[in-house]
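Hi,

Here is the structure I promised to send over.

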Amino acid sequence: MHIPDVTADNAVASALAEWMIVAYDAYMPTCSHTRIKLRGPPRPSWLYGYNKIFLTTPSAQLHETWQAKYGDAYSLPVAVGETRIALLDPKALVWVFSSNVYNYVRPVGQSKLVASLVWDDHKRIRKTMMPGFTPAALRSFTTVFLEEAYHVKDAWSTMFSEQKGGLDSIGKAGFGHDFASVTGEKPLIQKLLDSFGTSRQSPITALVLSLVHAFPILVDLPTKRKVFRDKLRMAMMGIATDILEESHKVGEEGRKSLIENVLSRSTSFPPIHHSWQINTIMFAGYDTTSTTLLWALHELSLNPTAQSKLREELSQFHEPTYDHLREKMVYLDAVVKEVLRLHPSIVEIYWNAIKDDVLPLARPITTASGEQISQIPIKGGQGITVPIEALVRSPAIWGEDSHEFRPERWNEHLPERVREFHAWSNLWTFGDGPRGCIGRTFAIAELKAVICILIQNFTFEPLTPGGKDVRRVPGVTPRPVNDGSHGLKLRVSQIGMD
Ligand code: HEM
């Protein structure tokens, strides 16, 4: 396997790296948290481990190779001589995500990067958010998703030669807020996310990202990424303030947005908590859902047979409803699952054990000394990496055609190995357990509503044959981007306009 080298370090980055080694040696005890030595890929560098390589090579590509060689749990060399355990074993995953979930916390470096997703008082805060995601709430949001998808359709139909339209149902249904993507300019948040996704990574940013778990203080260095994070945070705070003001007014037709539902149950929390909850939902829900939609249109553009088959199914529903989307559109359901499988927005999840633990395994692995073990004893502090992208793409789990876009697989008998996984639809795209994605049903309803209306009304083709110029760019979430552009470009034709 060819492992590309990351951009050459410049002098500042190297000097910084040297300073950090000295600082680390002086202040941190050398720690090894595993009790048993597991097999795993050799360490490419003491300072970076594999972290720097992960910045340029898709996670699934690396983990699939290692899973084939070392099994479903192995030792992964990371920064400053540390190792994490990579886990792809279904029984161990249930243990970490459900049975003993509160023994695991986010690594400090990551919690500094995405502070909004780290809740000290997780159980209580999650409880206050739940009313926003009930089936009744979802039914009413789906009406908003469909209305917004029709707005997009109308906007595209009228300005067909000069498309400005974007999608903003998360804005309306989620926040009762118009991010103005359909009618006017791209919203600021979207502009920031687009530019972030396509801008080149500087050597300092690469250094910070590679070492942030070991040196959380690096997050505060004035890198391009920090400037981006600060701008995004400011933009989100601005929107959060507007949403809070709007949330005091009665919504259109008395309808409550998701955030109003959530806030009405959080009156015991101080006001700062409210804007913070809005930020969490925006951060977790906006980019993930919109990039998944881009992947869906990209895959359908590359697979005209699947696109036609989907259109044929959807043509039976002239006025689609929540119940149609949920139960009747079988192929649409398969298409959405297949996109979520091939293109998970969250590529890896990281946990650190608080206390000693024993991870049970569904199938034994061989240790570095050749011993067969069916559980892994770990010490408090041990880091765990869950390679989501490999879990949903690995040929060892999904079979030989695992890298193909084939929605039909969802209406066949899924492989035995897949059915061992506990998560929703045996897919790890939304995580699992008490800390799994709270917005899953919301995201799925939105994706289905938008894809349904778009496919009923437009055809999608790649700009170049086979979409050869489309790359996967690792932004906040990985997104499809045409070479030399900031986004995905497709040839779109309106049905019945030839
Ligand atoms: C395709 C779309 C989405 C994907 C793939 C996705 C994926 C995920 C994943 C994997 C996690 C677990 C992260 C971890 O354990 O580190 C998560 C958590 C979360 N998601 Fe989503 N998500 C999506 C859409 C949404 C939407 C639309 C919302 C809200 C409207 C949302 C709200 C959240 C929240 C609040 C959490 C934190 C839950 C907790 O810690 O208890 N997500 N999401």
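Which residues in α4 are buried? They are P90, A92, L93, V94, W95, V96 and F97, where buried takes 20 or more other C-beta atoms within 10 Å of the residue's own, with C-beta atoms placed from the backbone. That is seven of the ten residues in helix α4 (residues 90-99), so the helix is mostly covered.

Before going on, some housekeeping. This is a predicted model, where local features need pLDDT of at least 70 and side-chain atom pairs count only at pLDDT 80 or more, while totals for chains, interfaces and linings use all residues. Residues are numbered from 1 along each chain as its sequence is written. Helices (H or I, at least four residues) and strands (E, at least two) are DSSP runs, numbered from the N terminus.

The buried part of α4 packs against several strands, β7 (383-386) among them; contact there is C-beta atoms within 7 Å. In β7, G383 and T385 point one way and I384 and V386 the other, and all are buried. β7 runs parallel to β2, with three bridges, and R84 has G383 as its bridge partner. With β4 the pairing is antiparallel, over four bridges, and I349 is partnered by V386. (Pairing needs at least two DSSP bridges between two strands.)

Now the ligand: 24 residues surround it, the closest being A284, G285, G431, C437 and G439, where near means a C-beta atom, placed from the backbone, within 6 Å. α13 (271-302) and α20 (440-457) each supply at least two residues of that shell, and α13 gives the most, with seven.

Cheers

Definitions and conventions:
A residue is buried if 20 or more other C-beta atoms lie within 10 Å of its own, exposed if 12 or fewer, and partly exposed in between; C-beta atoms are placed from the backbone. Two residues are in contact if their C-beta atoms, placed from the backbone, lie within 7 Å.
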